[in-house]
Amino acid sequence: MPSLDQFPKGNGVLVKILKVGVDATDKEINEAWYGGAPPGDKYLVLGHESFGVVQEVGPNVTRVKPGDYVTATVRRPGGSIYDQIGTYDMTSEEVYYERGINLLHGFLTEYMADEEEYIVKVPTGLKHLHVLMEPMSCAAKAIHQAYEVQRRMKVWRPEVAWVMGAGQIGLLSTLVLKLRGLQVYTIARAPGPHLKSEIVEGMEATYVSSKETSLDELVKKTGRPQIILDATGSSKMAFDAMKYLGHNGVLAWTSITGANLQHEVPSDKLNIEWVLGNKLLLGSVNANREHFELGIRDLALGDVTYPGVLEKILTNPVDGLDNYKEMMRLLVEDNSALKVYVNVAEG
């Protein structure tokens, strides 16, 4: 049982875990593609998508109180200047610390404790979206960073966006871009109708099956997009997307690919087009408190703008920590499992 005694500054928060989401990251850690156990341990507790309720707080905690629903950020700071100013997701150090991913245990436990800085309050009205808080923070960060870096253009008003991939990050990115007023085309392999296309269309975006419409055909229809967000988990698709970005555009990569796939690209053609077109490639990983809060606001707005749509992402509950084998089976074997999560406790 974690104790607040480990936080001598009185800034600790004890959380009873209610639900934990798992995704392709957990699958790939399980396959030993990346990740590492904390020093001194031979195992890593998985689970970086947390949702719980506060049980106890230290005397100097002001942001949350017992009974509040919360989630927690994933990355923890190292020693760089970026870590020290709260942007620990932008560390310049080679070694990084992420709960449930690398060198720190995750949240797939009955209770957890952490410093107040890393605990983010979730409105009671969003309780039904529970484990979507962390993936939403990643979508919110990638798009926020794209707009931040495009300040270089002085005036940048994108109209068309492509989202590559219709997993949880792709669907939540579709929401963020729709809320910004863009024409959004969400691209995945399987022809509709099915759940993913239903969710995309429920957000008034356009679902595109790459089996039915090639990207060459799509660009003739939509024009070159000013923003592309890749969330496919495929490095091939991530690089191929470079061929379609419009002038002054930004391509944001969010996928983590830990295998050893080799893929040829038309490097000369891409080089000249990207230089002459002032195009930008942006890598975006994880999120800090600001992005969690941005994501929660977009979830709240999205939930009232498109009622009942977002909770459709939460497809596969697994009851209890003891059923971890079923959790991993769904991740590895069930291609229809859009969002797998564990019901750890009632609350």
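How many of the 17 residues of α3 are buried? I counted 15 of the 17. The helix is therefore largely enclosed by the rest of the structure. I kept in mind that this is a predicted model.

**Helix length**

I then checked the span of α3, residues 133–149. At 1.5 Å a residue, its 17 residues should span 24 Å. I found the end C-alpha atoms 24 Å apart, which agrees.

Next I went through the backbone. Most peptide bonds are trans, and most residues other than glycine have a negative phi. I noted the exceptions below.

I found a cis peptide bond from G192 to P193, with omega near 0°. I placed P193 in the loop between β10 (183–188) and α5 (195–202).

N248 is not a glycine, yet I read a positive phi near 60° for N248. I located N248 in the loop between α7 (235–240) and β13 (250–253).

Where does N278 lie? I found N278 in the loop between α8 (267–276) and β14 (280–283). With a relative accessible area of 43%, N278 is partly exposed.

Terms used. Residues are numbered from 1 along each chain as its sequence is written. This is a predicted model: local features need pLDDT of at least 70, side-chain atom pairs count only at pLDDT 80 or more; totals for chains, interfaces and linings use all residues. Side-chain values use heavy atoms; hydrogens and water are left out. Helices (H or I, at least four residues) and strands (E, at least two) are DSSP runs, numbered from the N terminus. The expected span of a helix is 1.5 Å times one less than its number of residues. Buried means under 20% relative accessible area, exposed over 50%, partly exposed in between (1.4 Å probe, protein chains only).
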